[in-house]
Amino acid sequence: MRLRFLTSEVWQGVRRNTSMIASVVLVSMVSLFFVGSGLLAQRQVDQAKGDWYEKVHAFVFLCTDSDTNVASCAGGEASTAQTEAVKSNLDNLRPLVTKVDYKTSEQAIAMFREQYKDSPYVSSVDAKSMPAFYEVRLSDPQRFDEIASGFQGMPGVAHVSNLHQVLAPFFSFLNMLGVGSAIIAGLMVVCSILLMVTTIRQVAFTRRRQVGIMRLVGASSATIYLPFVAEVLIASLAGAVLASGLLWAMVHFGVSGLASSGGGFVNLIGDSDVLVVVPWLFLGAFVLAVSTSWVTLRRYLKV
């Protein structure tokens, strides 16, 4: 089959069925957008966990002068003796405790200002209220309760925090976002398939005379099927292009804009992550269009 013939048939088919082709484009765009959103949400979860989740398993925050309402901080700021006692008790918990790093209040505020230098909240943090603390890594993060029960209420200790517990709501939200996007994407893919099937049946019906003539002259199945498949494929790929553009706009102007304004405390996904996801959208559009149209044609267009 000559390329000129295929191009002519596809072009005439698109002109004759503009509304149905536009419907396939829009439904493909929406379904692929939600598929891409789910993939990006999962990448954000993985990136956030890589940045924070495995770095530090626990914080032991020491008392400051502003913690006098805490029973263990009745004497005000933790003394040198109390600080050393906390360190000694942590060392006694090895091998559960694999690493202990002490940060003074000055080091803590310097780290905070460096890490969140673009955040508008930095200027509102009082350096005097920033507590000294111990960063504690555990061989088994699930045994955090042993650290909490052993140090909570100890003289000189304001409170003990588990970074996993602090970030758990954030990760849960992202996981729910990914699952929700996957469910909506699945429903939209089903809608895309149904619309493609309907479109192909309608187009095949309008060209039944042409198909009959092609059968009489001995045209092969591929010669008859390919114009139909090409039309649906072009519409699906156009939907993938639009979906990719929407994802890029969402990340570039939304997520990346949030990061540049200092609104986040974890590294957020960016344009490079969209570039990783986009090829999968085009692959999905190609597979969905070709498989759906070919199966539909074999069922409704007997050759």
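**Charged side chains and ring pairs**

Student: Hi! Starting in helix H3, how far apart are Lys 87 and Asp 91?

Tutor: They are four residues apart in helix H3, which spans residues 80-91, so about one helical turn separates Lys 87 from Asp 91. Bear in mind that this is a predicted model.

Student: OK, and what do the side chains of Lys 87 and Asp 91 meet in?

Tutor: A salt bridge, with an N to O distance of 2.8 Å. Side chains of opposite charge can pair when their charged atoms come close.

Student: Which salt bridge does Arg 94 make?

Tutor: Arg 94 bridges to Asp 91, at 3.5 Å from N to O. Arg 94 is partly exposed, with a relative accessible area of 40%.

Student: How many salt bridges are there by this rule?

Tutor: The count is four. Another one of them joins Asp 101 and Lys 99, with N and O 3.9 Å apart. Asp 101 is partly exposed at 26%, and Lys 99 is partly exposed at 40%.

Student: Which residues do salt bridges with shared partners join into one network?

Tutor: That network consists of Lys 87, Asp 91 and Arg 94.

Student: Switching topic to rings. How many aromatic pairs turn up in the whole structure?

Tutor: Six aromatic pairs are found. One of them is Phe 59 with Phe 133: the ring centres are 5.5 Å apart and the planes are at 80°, so this pair is edge-to-face.

Student: Where in the chain do Phe 59 and Phe 133 sit?

Tutor: Phe 59 is in strand E1 (residues 58-62) and Phe 133 is in strand E3 (residues 133-138). The pair links distant parts of the chain, 74 residues apart.

Student: And what kind of pair do Phe 61 and Phe 133 form?

Tutor: A tilted one, with 5.6 Å between centres and 50° between the planes. Phe 61 belongs to strand E1 and Phe 133 to strand E3, so this pair ties together parts 72 residues apart in sequence.

Student: Last one: which residues do the ring pairs link into a cluster?

Tutor: The cluster is made up of Phe 59, Phe 61 and Phe 133.

Note on methods
Residues numbered from 1 in each chain as written. Predicted model: local features only at pLDDT ≥ 70, side-chain atom pairs only at ≥ 80, totals over all residues. Heavy atoms only, no water. Phe/Tyr/Trp six-rings, centres within 6.5 Å; stacked < 30°, edge-to-face > 60°. Helix = DSSP H or I, 4+ residues; strand = E, 2+ residues; numbered from the N terminus. Buried < 20%, exposed > 50% of the residue type's maximum accessible area, 1.4 Å probe, protein only.
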